Amino acid sequence: MTDKKESSISSDELDKNFKYEVAAQPGGENIKKCFSCGTCTAGCPVSEVEEEFNPRKIIRMVLLGMKKEVLSSNVIWYCCSCYTCYAQCPQNVKFTDVMAALRHLAIKQGYVSKDFLDKVYKIDNLAQKIRLDIIKCLTKEQISNKTKADITAKVKEFIKTQKEKVH
Ligand code: SF4
Ligand code: SF4
(Lines give C-alpha, C1' and ligand atoms only; values in the text may rest on other atoms or scores of the structure.)
(Ligands and ions follow the chains in the order given, each with its own letter.)
Protein backbone atom coordinates (compact mmCIF):
# COMPACT_ATOMS: atom_id res chain seq x y z
CA MET A 1 0.00 0.00 0.00
CA THR A 2 2.49 2.62 -1.18
CA ASP A 3 2.30 6.01 -2.89
CA LYS A 4 3.98 4.32 -5.89
CA LYS A 5 1.10 1.84 -5.96
CA GLU A 6 -1.44 4.71 -5.84
CA SER A 7 0.17 6.43 -8.83
CA SER A 8 0.64 3.23 -10.87
CA ILE A 9 -3.11 2.55 -11.16
CA SER A 10 -4.68 3.79 -14.39
CA SER A 11 -7.99 5.63 -14.26
CA ASP A 12 -9.91 2.84 -16.01
CA GLU A 13 -8.92 0.47 -13.18
CA LEU A 14 -10.54 2.75 -10.59
CA ASP A 15 -14.05 2.16 -9.27
CA LYS A 16 -15.56 5.59 -8.78
CA ASN A 17 -18.51 4.10 -6.91
CA PHE A 18 -16.34 2.50 -4.25
CA LYS A 19 -16.52 5.45 -1.84
CA TYR A 20 -20.32 5.46 -2.12
CA GLU A 21 -20.38 1.72 -1.53
CA VAL A 22 -18.27 2.14 1.62
CA ALA A 23 -20.37 5.12 2.76
CA ALA A 24 -23.51 2.98 2.42
CA GLN A 25 -22.14 0.45 4.94
CA PRO A 26 -22.86 0.82 8.67
CA GLY A 27 -19.80 2.66 10.01
CA GLY A 28 -18.67 3.96 6.62
CA GLU A 29 -21.06 6.91 6.45
CA ASN A 30 -18.51 9.66 7.16
CA ILE A 31 -15.65 8.52 4.94
CA LYS A 32 -16.12 11.33 2.42
CA LYS A 33 -15.58 13.92 5.18
CA CYS A 34 -11.87 13.02 5.45
CA PHE A 35 -9.60 15.92 4.49
CA SER A 36 -6.43 13.82 4.73
CA CYS A 37 -4.87 15.57 7.74
CA GLY A 38 -3.06 12.41 8.91
CA THR A 39 -3.97 12.73 12.60
CA CYS A 40 -5.27 9.15 12.59
CA THR A 41 -1.98 7.77 11.27
CA ALA A 42 0.11 9.88 13.65
CA GLY A 43 -1.69 8.50 16.71
CA CYS A 44 -2.18 4.90 15.58
CA PRO A 45 -0.25 2.34 17.66
CA VAL A 46 -0.23 -0.12 14.75
CA SER A 47 1.17 2.46 12.30
CA GLU A 48 3.89 3.16 14.84
CA VAL A 49 5.26 -0.36 14.54
CA GLU A 50 4.10 -1.29 11.01
CA GLU A 51 4.82 1.31 8.33
CA GLU A 52 2.70 -0.56 5.78
CA PHE A 53 -0.39 0.29 7.85
CA ASN A 54 -1.48 3.87 7.19
CA PRO A 55 -5.12 4.87 7.94
CA ARG A 56 -4.88 8.18 6.04
CA LYS A 57 -3.63 6.32 2.97
CA ILE A 58 -6.31 3.62 3.20
CA ILE A 59 -9.01 6.31 3.16
CA ARG A 60 -7.31 8.09 0.27
CA MET A 61 -7.27 4.84 -1.71
CA VAL A 62 -10.98 4.30 -1.01
CA LEU A 63 -11.79 7.85 -2.14
CA LEU A 64 -9.71 7.35 -5.29
CA GLY A 65 -11.65 4.18 -6.13
CA MET A 66 -8.91 1.58 -5.59
CA LYS A 67 -11.41 -1.07 -4.59
CA LYS A 68 -9.53 -4.22 -5.55
CA GLU A 69 -6.28 -3.01 -3.96
CA VAL A 70 -7.98 -2.09 -0.68
CA LEU A 71 -10.30 -5.07 -0.27
CA SER A 72 -7.65 -7.63 -1.17
CA SER A 73 -4.97 -6.03 1.02
CA ASN A 74 -3.84 -7.73 4.22
CA VAL A 75 -3.48 -4.36 5.94
CA ILE A 76 -7.23 -3.95 6.47
CA TRP A 77 -6.88 -6.78 8.98
CA TYR A 78 -4.03 -5.15 10.93
CA CYS A 79 -6.20 -2.63 12.84
CA CYS A 80 -6.65 -3.77 16.45
CA SER A 81 -9.77 -1.54 16.94
CA CYS A 82 -8.30 0.51 19.78
CA TYR A 83 -10.43 3.56 18.79
CA THR A 84 -7.55 6.05 19.22
CA CYS A 85 -8.10 7.46 15.72
CA TYR A 86 -11.85 7.53 16.29
CA ALA A 87 -11.42 9.91 19.23
CA GLN A 88 -8.83 12.15 17.57
CA CYS A 89 -10.28 12.71 14.09
CA PRO A 90 -11.32 16.38 13.57
CA GLN A 91 -13.84 15.32 10.91
CA ASN A 92 -15.53 12.54 12.90
CA VAL A 93 -14.72 10.05 10.14
CA LYS A 94 -14.81 7.15 12.66
CA PHE A 95 -11.99 5.25 10.98
CA THR A 96 -12.33 2.23 13.31
CA ASP A 97 -15.85 1.75 11.94
CA VAL A 98 -14.64 2.37 8.38
CA MET A 99 -12.20 -0.53 8.86
CA ALA A 100 -15.07 -2.75 9.99
CA ALA A 101 -17.05 -1.70 6.89
CA LEU A 102 -14.09 -2.53 4.62
CA ARG A 103 -13.65 -5.93 6.24
CA HIS A 104 -17.35 -6.62 5.87
CA LEU A 105 -17.21 -5.75 2.16
CA ALA A 106 -14.07 -7.88 1.70
CA ILE A 107 -15.87 -10.89 3.19
CA LYS A 108 -19.19 -10.28 1.45
CA GLN A 109 -17.61 -9.83 -1.97
CA GLY A 110 -15.30 -12.84 -1.75
CA TYR A 111 -11.93 -11.11 -1.36
CA VAL A 112 -11.01 -13.42 1.56
CA SER A 113 -11.30 -17.18 1.97
CA LYS A 114 -13.02 -19.05 4.80
CA ASP A 115 -9.65 -20.44 5.82
CA PHE A 116 -8.30 -16.90 6.15
CA LEU A 117 -11.29 -15.85 8.28
CA ASP A 118 -10.87 -18.84 10.59
CA LYS A 119 -7.27 -17.75 11.19
CA VAL A 120 -8.27 -14.13 11.79
CA TYR A 121 -10.94 -15.09 14.34
CA LYS A 122 -8.42 -17.21 16.23
CA ILE A 123 -6.24 -14.20 16.95
CA ASP A 124 -9.10 -11.88 17.87
CA ASN A 125 -8.56 -12.63 21.57
CA LEU A 126 -5.10 -11.12 21.34
CA ALA A 127 -6.54 -8.00 19.68
CA GLN A 128 -9.09 -7.69 22.50
CA LYS A 129 -6.33 -7.86 25.09
CA ILE A 130 -4.27 -5.18 23.35
CA ARG A 131 -7.35 -2.97 23.03
CA LEU A 132 -7.97 -3.23 26.76
CA ASP A 133 -4.34 -2.37 27.55
CA ILE A 134 -4.43 0.68 25.29
CA ILE A 135 -7.69 1.91 26.82
CA LYS A 136 -6.18 1.49 30.29
CA CYS A 137 -3.16 3.46 29.14
CA LEU A 138 -5.28 6.24 27.61
CA THR A 139 -7.34 6.65 30.77
CA LYS A 140 -4.23 7.33 32.87
CA GLU A 141 -3.30 10.97 33.33
CA GLN A 142 0.38 10.29 32.87
CA ILE A 143 1.58 7.52 30.61
CA SER A 144 4.81 6.11 31.97
CA ASN A 145 7.56 5.07 29.59
CA LYS A 146 7.22 1.51 30.85
CA THR A 147 3.47 1.42 30.09
CA LYS A 148 4.14 2.83 26.63
CA ALA A 149 6.90 0.28 26.02
CA ASP A 150 4.61 -2.54 27.20
CA ILE A 151 1.88 -1.45 24.78
CA THR A 152 4.33 -1.10 21.89
CA ALA A 153 5.59 -4.63 22.61
CA LYS A 154 2.03 -6.00 22.63
CA VAL A 155 1.16 -4.25 19.36
CA LYS A 156 4.33 -5.66 17.77
CA GLU A 157 3.33 -9.10 18.99
CA PHE A 158 -0.15 -8.63 17.52
CA ILE A 159 1.20 -7.57 14.11
CA LYS A 160 3.71 -10.43 14.06
CA THR A 161 0.95 -12.95 14.86
CA GLN A 162 -1.41 -11.34 12.34
CA LYS A 163 1.24 -11.52 9.61
CA GLU A 164 2.03 -15.17 10.36
CA LYS A 165 -1.66 -16.03 10.12
CA VAL A 166 -2.55 -14.11 6.98
CA HIS A 167 0.44 -15.06 4.83
S1 SF4 B 1 -7.83 12.09 11.24
FE2 SF4 B 1 -9.82 12.05 10.20
S3 SF4 B 1 -9.76 13.70 8.69
FE4 SF4 B 1 -7.65 13.32 9.35
S5 SF4 B 1 -6.85 11.84 7.79
FE6 SF4 B 1 -7.64 10.63 9.53
S7 SF4 B 1 -9.76 10.15 8.97
FE8 SF4 B 1 -9.10 11.85 7.65
S1 SF4 C 1 -8.54 1.81 15.68
FE2 SF4 C 1 -7.14 0.82 14.23
S3 SF4 C 1 -6.54 2.44 12.79
FE4 SF4 C 1 -7.43 3.45 14.59
S5 SF4 C 1 -5.70 3.94 15.91
FE6 SF4 C 1 -6.48 1.94 16.59
S7 SF4 C 1 -5.29 0.40 15.41
FE8 SF4 C 1 -4.99 2.41 14.43
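Is D124 buried or exposed? D124 is exposed, because 11 other C-beta atoms lie within 10 Å; a residue counts as exposed with 12 or fewer such atoms, as buried with 20 or more, and as partly exposed in between, with C-beta atoms placed from the backbone. The structure is a predicted model, in which local features need pLDDT of at least 70, side-chain atom pairs count only at pLDDT 80 or more, and totals for chains, interfaces and linings use all residues. Residues are numbered from 1 along each chain as its sequence is written, while chains are lettered from A and ligands numbered from 1 in the order in which they are written.

**Overall architecture and confidence**

- The protein contains eleven helices and zero strands; helices (H or I, at least four residues) and strands (E, at least two) are DSSP runs, numbered from the N terminus.
- Of the 167 residues, 31% count as buried.
- Among contacts between residues at least 6 apart in sequence, 73% join residues at least 24 apart; two residues are in contact if their C-beta atoms, placed from the backbone, lie within 7 Å.
- The average pLDDT, which is the predictor's confidence in each residue from 0 to 100, is 85, and 87% of the residues score at least 70.
- Confidence is lowest in helix α1 (residues 3-8), with a mean of 53, and highest in helix α2 (residues 18-23), with 98.

**The nonpolar core**

- The largest nonpolar core has 36 residues, and those with the most contacts inside it are V22, V62, V70, V98 and L102; such a core is a set of buried Ala, Val, Leu, Ile, Met, Phe, Trp, Tyr and Cys residues joined through C-beta atoms within 7 Å.
- At least two residues of this core come from each of α2, α5, α6 (67-71), α8, α10 (124-138) and α11 (145-166).
- Helix α8 gives the largest share of this core, six residues.
- Not counting residues up to four places away in sequence, V70 touches I58, M61, V62, I76 and L102.
- In helix α5, the buried residues are P55, K57, I58, I59, M61 and V62.
- In soluble globular proteins, nonpolar side chains tend to be buried together.

**Surroundings of the ligands**

- Around ligand 1 there are 15 residues, of which C34, C37, C40, C89 and V93 come nearest; a residue is near a molecule or strand if its C-beta atom, placed from the backbone, lies within 6 Å of it.
- Helices α3 (39-43) and α5 (55-64) each supply at least two residues of this shell around ligand 1, and α5 gives the largest share, three residues.
- The shell around ligand 1 has ten nonpolar, four polar and one charged residues; Ala, Val, Leu, Ile, Met, Phe, Trp, Tyr, Cys and Pro count as nonpolar, Asp, Glu, Lys and Arg as charged, and the others, Gly among them, as polar.
- Around ligand 2 there are 13 residues, of which C44, C79, C82, T84 and C85 come nearest.
- Two or more residues of the shell around ligand 2 come from each of α4 (45-49), α7 (84-88) and α8 (95-108).
- By class, the shell around ligand 2 has ten nonpolar, three polar and no charged residues.

**Individual residues**

- D124 is found in helix α10, and its C-alpha lies 8.6 Å from that of C80, although D124 and C80 are 44 residues apart in sequence.
- S81 lies in the loop between α6 and α7 and has a positive phi near 55 degrees, in a residue other than glycine.
- S81 counts as partly exposed because it has 16 C-beta neighbours inside 10 Å.
- N92, in the loop between α7 and α8, is exposed, with 10 other C-beta atoms within 10 Å.
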